[in-house]
Amino acid sequence: MLKFRFIIILLANMLYINAQHDARHPVISGYVKDVLTGEVLPGATILIKGISTGTSTNAYGYFSLSVPAGNHNIQIAFVGYESLEKEIDITRDMRIYPALTPLTEQIGEIEILSSTRDDLRRNPIMGTETLDALTINSTPVLFGESDPLKTLQLLPGISATSEGSTSLSVRGGDPDQNLILLDEATVYNAGHLLGFFSIFNNDAIKEVTTYKGDLPAYAGGRIASLVDVRSRDGNMNQMAGIAGIGIISSRLMLEGPVIENRASFLTSARRTYLDMFLPLANDEEIKDNSLYFYDLNLKLNYIADDNNRIFLSTYIGRDVFSNDLARMNFGNKAASLRWSRVFNPRLFGNLSLITSSYDYFLGSSGDEFQRITWKSKLNDYSLKYDFTYYASSESQWSFGIQSTFRKIKPAIITSPNEEAFITELRVPDSNSLENALYISHSHQIGDLISLRYGLRYSLFQNIGSGQTFTLNDEFTVLDTLKHTGGKIFNSYSGLEPRLGISYLISPNITLKGSYTNSRQYLHLATNSSSSTPLDVWFTSSPNIKPQIGHQFSSGLFYSNLSGIWNHSLEVYIKQNKNAIDFKDHPDLLVNEALEAEVRPGKARSRGIEWMSRYSGTQVSGWLSYTFSRAERHSQWINNGNWYLSPYDRTHDFSIVLMYNLNERLNISGNWVYFTGAPVTMPVGRYSFQSGVVPIYSDRNSERMPDYHRMDISVTLRNRKQPDRRWQSEWNFSVYNLYGRKNAWLINFTGDEYVKPGYRYAEMTYLFSIIPSITYTVKF
Amino acid sequence: MQHSKIIIISLLISLLWGCTEVIDLELKTAPERLVVDAIITNEDELQIVFLSKSMAYFNENEPDPVTGAQVSIGYEDKMIELRESVEHSGYYFTEPYNLNPRPGITYTLHITTNSENGHHPEYYTASSTMPNNVSLDSIQMQLRENLDVWQVLAWFQDSPNQKNYYMFRLKKNDYLFTSRPKDWTVTNNTFFRGKYVNGLWVQSISADPARNIMNEGDKIILAMNSITEEFYNFIVALQRENTISSPLFGGPPANTPGNISNGAFGIFTTMMVDTMGLYYDPILHD
């Protein structure tokens, strides 16, 4: 508690510091925006030439920089935009709203927008990558559906958990260790259609930033990574839109001003129509099936005055399946309301109210008298208040507070039929609060060293009504303790230090190092290597200690003077305490005492990541390679020996190339290769009552065949006509160009009736050559 | 419940565009171990224990029997020695009716293998307590056309205040129709604890016309077995390891959990059996 009070006092002091004024160092601050759309540009750099002082805009496009009073030449730059240079006489605090013009003539100048060169050198954060919507759009994808999470998988240290899946494993971590945020709202299941498509509709997305473990102090609650997805705010100047038709889905995005230059909206919708083809099927049984998903995004953005901006962002998405035996639907809902305020030029604050939910429903259709309905739901409500204090051009403080209340209803199973003998089954709800306070300081020491250090204090509380279990050494439930409503019956807390340092070895080369400590109180009960819609989240409790992650990383970064070539080499070591894994044959669905299935242990991973990126005007692309190992240990699993994580990939290589032949034609391609995933294979058999019973190897001691695949995509734009307000483009893409049969699973099967005891290995592959075509109109 | 889960999971799997291909795979082979296959029931005259050896996964031959072992079953203060069969090596059996299985009694199996081929004799043991008997009230059979099966339904009173485990098997005209463990239905009473079970779908018979399984007058016998939790877990795992796995619902496969000491595979279990029959009549049942 003392720690808590200390931090509060620290934060309070911070707020008072800003009252001081310094006439010799006036502050220039403002928002950088796109001249055409009025959309703010996060990550744009502001450089004061001559005194080589600079900064970059935050996620809301705001910057603040204190400079010596006098006449200055200010340069404002952002990748993909013409940079702006201005002479400004700064004698007192002033606000500017620079608007940058996009380089439309060279629309193909696509690259991963890490920060620009100067920023990259100074920033003591490591292992971050930012992707913008254009890059995401340019990489070839399955069924022509642009997908930010799949583009991320082409970066070093980030891999798909299984073929075609949007689930991510970051540096050998589990998928539930990634915090995926959509406009600050936690996304609990980022997959549609069993995870083959992500819930992010690229039309609504501004950019995706990933932190591979070196988490900024404002983020926490997950130990592997932060995937921060920010949606676009909507065009402030004029109505615009995008409409697209693809082979499995259609989409429409509309944006425009509500009040010119003051308020804007953006709305986008996407729906798949796989089921439209079902009535054409000859098979009577699937004619009445339905199978689709949809996404709706709505964003409102209001500039109240110079100092106050308000955003509302909402998302609803749902998958629906049904046939004559069963029906199922599931999806996420999220909403966030944010108020950004510039208290004074040095102090920027952002208050957010956020809610997010994920639920699923299952039911058997028809008149069957054992008919059931099965529901599961998770809701969260959060409050966040974040501040940035720009003390000087060398020193920046961030601090804030957040609190999340989470309610999980793991399963409610009922029978709608009166005569049914099925007892209503309700796995008790779980309520919890997750609170955090943080403070972080970025500090530039001289010209060569920058330092970032921060501290996060997190407090997790289980709240009644709820129940706890007393388990014996064999994880058998001995006793169940019920807790009354509103009572805090268990809590965990801890300090999470974060540290980063960057040292400029030469004008081209930077050496960085970092340490991150983070805690995770929420875990996903999944036993498969791919996300399923039925997975249930569960919180820490007296039996389930929080997962604690430590990560050390270090890297060398090279950027040539023009910024066209970037190379990086990073190494990392991760150690996790209280890692979650499950016993053999766990019962994870509809299990009151789910925590008795957990066999806690530890996990470790280490790796080397190399990336080389070229960002030319005609040709751009990157090459990435990861050499890594991820292991787990639990005294109750695999006879207490270390075993490989299912997400271990020894080698993971990808190459992405984009080539603009001319202003109408763009070709892009990628090739990926990685070591087959660790699996458990049979190493013997025995006979029981004339049935074959397999005997298995140690857990994950064998491997699937190696995976590789090449995709290409060609985009053809229509000829530009000055009198036409709309532009259209055709996109042709082929997924898995050379038809590699990548094993998704290996099964052992045989026909008991024909030849008892005979077994053979059969591999299932999901996608052979998949061509697709998409037509998009922008207006 | 088991059925609902299977339906839902197969619905999801059917959505995938998967294609399959037979592949050549070299598998390692674990060292040979003893396998025990022993089920004690109130129904059998002779209780049989079958001992064999584990083998390579792709070896499709009958397992090698383990001969010359000393096998006995103890309960209360008695010890029954089993004799090895002359015609069927690896099979050990009791004298008719000398075990007299009753609910609540704990039976312990003792096995000592012989020392031939330079092996040391090894001792293995396992125990099982006979579950309480639950009797069938009635059974029924009905055609479900959309699933192409006859459902066999059971009515019975579940005993209250305890976890019960059931296994259902079918005989057709005295021939064990569900001969292999993968065809057995097992369930616990989570969904009907202490209730009167009102027509639970417990077994299925294919109604595929091509297979022409049911003819008028055929006798169907349903055996409801009250089983131990240990055996329930064993069969659930065994069935899981014999059905299609997938990254979506699989999870890592694992060995079927038995109860034999000293690292042997298989299980020694007890079960109470109650049976009831009906004669198939197309007018009534289709």
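Four strands of chain A form an open sheet in the order S4-S3-S6-S7, with antiparallel pairing. Strands here are DSSP runs (E, at least two residues), numbered from the N terminus. Two strands pair if DSSP finds at least two bridges between them. The edge strands of chain A are S4 (53-56) and S7 (84-90), and each pairs on one side only. Neighbouring strands of the sheet are turned by 25° against each other on average, direction ignored. The axes behind that angle are lines fitted to C-alpha atoms, and angles run from 0 to 180 degrees between N-to-C directions.

This is a predicted model: local features need pLDDT of at least 70, side-chain atom pairs count only at pLDDT 80 or more, and totals for chains, interfaces and linings use all residues. Residues are numbered from 1 along each chain as its sequence is written, while chains are lettered from A and ligands numbered from 1 in the order in which they are written.

Strand S6 (residues 70-77) of chain A pairs with S7(A) in the antiparallel sense over seven bridges. A:Ile76 stands opposite A:Leu84 in S7(A).

Now chain B. Its domain bounds come from an automatic or database domain assignment.

| Domain of chain B | Residues |
|---|---|
| domain 1 | 34-129 |
| domain 2 | 133-257 + 271-285 |

The centres of these two domains of chain B, taken over C-alpha atoms, are 27 Å apart. Seven residues of domain 1 of chain B are in contact with six residues of domain 2 of chain B (C-beta atoms, placed from the backbone, within 7 Å). On the domain 1 side, strand S2 (34-41) and strand S8 (123-129) of chain B each give two or more residues.

Terms used. Contact = placed C-beta atoms within 7 Å.
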